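Take a look at the protein shown here.

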Amino acid sequence: MRITVACEIPKRRAPRHGKPPDHWWNAEISLLRSNCVRTKRRKTRMVARIARLRRQAAVDFDNERAEAELTRTNDAYREDKRQLKHAILCSKKACWAELIQSVDNDPFGKPYKIVMRKLRGYPATSTMEPEILEAVISTLFPSHDHRQEELREE
């Protein structure tokens with residue numbers, strides 16, 4: 001019974017290292033990055049293999065074929081890296097345009113949070129006295145009701 005209960009304990013998730021992904025990161029970029037890493041490893045292994053074969057001075061070593069394979073793996077890596085950079089650039093541009101559009105709809109939403117995270121500061125309103133905060137809010141965001149009451153009082 002105890003063994004059954006112990007085996008049914010849910011597995012732990014992998015740690016996230018405390019850093020969320022950037023706002024422009026997406027599944028396509030993740031796939032392209034994994035392809036790029038894979039082709040880079042192939043290229044590295046090919047370089048090591050050719051160097052090892054040259055050191056061994058194998059009789060049946062074909063230098064032209066080795067150079068052709070090395071060129072092919074270099075080209076594949078270069079192409080995957082170019083595609084990854086292009087996808088990141090396009091994603092960043094699209095997310096930037098989306099952020100700019102969303103500023104008008106929600107000024108204290110995602111764009112505000114991104115800027116504040118970059119500035120690494122606490123919101124200025126969190127340390128203000130309630131009276132000062134009320135004055136700032138009423139100045140920045142005047143409501144029509146307050147203005148009409150002020151005009152009536154004058």
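The model is predicted. D22 sits in the loop between α1 (2–7) and α2.

Which residue is 70 positions from D22 in sequence, yet 9.8 Å from it in space? That residue is K92, with the distance taken from C-alpha to C-alpha. D22 also belongs to the lining of the largest pocket, where it is among the residues nearest the centre.

## The largest pocket

Rolling a probe the size of a water molecule over the atoms shows where empty space is left. Here, the largest pocket holds about 450 Å³ of space. Its lining has 17 residues. Nearest the centre are D22, H23, I114, R117 and K118. Two elements give two or more residues each to this lining: α3 (63–105) and α4 (110–119).

Which element gives the largest share of the lining? It is α4, with six residues. Sorted by class, the lining of the largest pocket has 10 nonpolar residues, six charged ones and one polar one.

## Helix α4

α4 has three buried residues: P111, I114 and M116. They pack against α3. An α-helix has 3.6 residues a turn, so residues three or four places apart point the same way.

What comes after α4? R120 follows the helix, and its phi is positive, near 55°.

## The second largest pocket

The second largest pocket holds about 230 Å³ of space. Its lining counts 11 residues, and R49, L53, F61, R65 and A66 lie nearest its centre. The elements that give two or more residues to this lining are α2 (27–56) and α3.

α2 gives the most, with four residues. How does this lining divide by class? It has six nonpolar and five charged residues, and no polar ones.

## A pair of tryptophans

A pair of aromatic rings is described by the distance of the centres and the angle of the planes. How many such pairs does a search of the whole structure find? It finds one. The rings of W24 and W25 have centres 5.9 Å apart and planes at 55°, so the pair is tilted. The angle is not over 60 degrees, so the pair does not count as edge-to-face.

W25 has a relative accessible area of 34%, so it is partly exposed.

W24 has a charged neighbour too. K92 lies over the face of its ring, at 4.8 Å from the ring centre. This is the K92 that lies 9.8 Å from D22, C-alpha to C-alpha.

## The whole chain

From the N terminus on, the elements run α-α-α-α-α-α.

What share of the 154 residues is buried? Buried residues make up 14%. Among contacts with a separation of 6 or more, 62% join residues 24 or more positions apart.

How values were computed:
Residues numbered from 1 in each chain as written. Predicted model: local features only at pLDDT ≥ 70, side-chain atom pairs only at ≥ 80, totals over all residues. Heavy atoms only, no water. 1 Å grid on protein atoms, 1.4 Å probe; cavity = no way out; pocket = protein on both sides within 12 Å on 5 of 7 lines; lining within 4 Å. Points joined across faces, edges and corners; volume = space filled by probe spheres on them. Nonpolar A, V, L, I, M, F, W, Y, C, P; charged D, E, K, R; others polar. Phe/Tyr/Trp six-rings, centres within 6.5 Å; stacked < 30°, edge-to-face > 60°. Buried < 20%, exposed > 50% of the residue type's maximum accessible area, 1.4 Å probe, protein only. Lys NZ or Arg CZ within 6 Å of the ring centre and 35° of its normal. Contact = heavy atoms within 4.5 Å.
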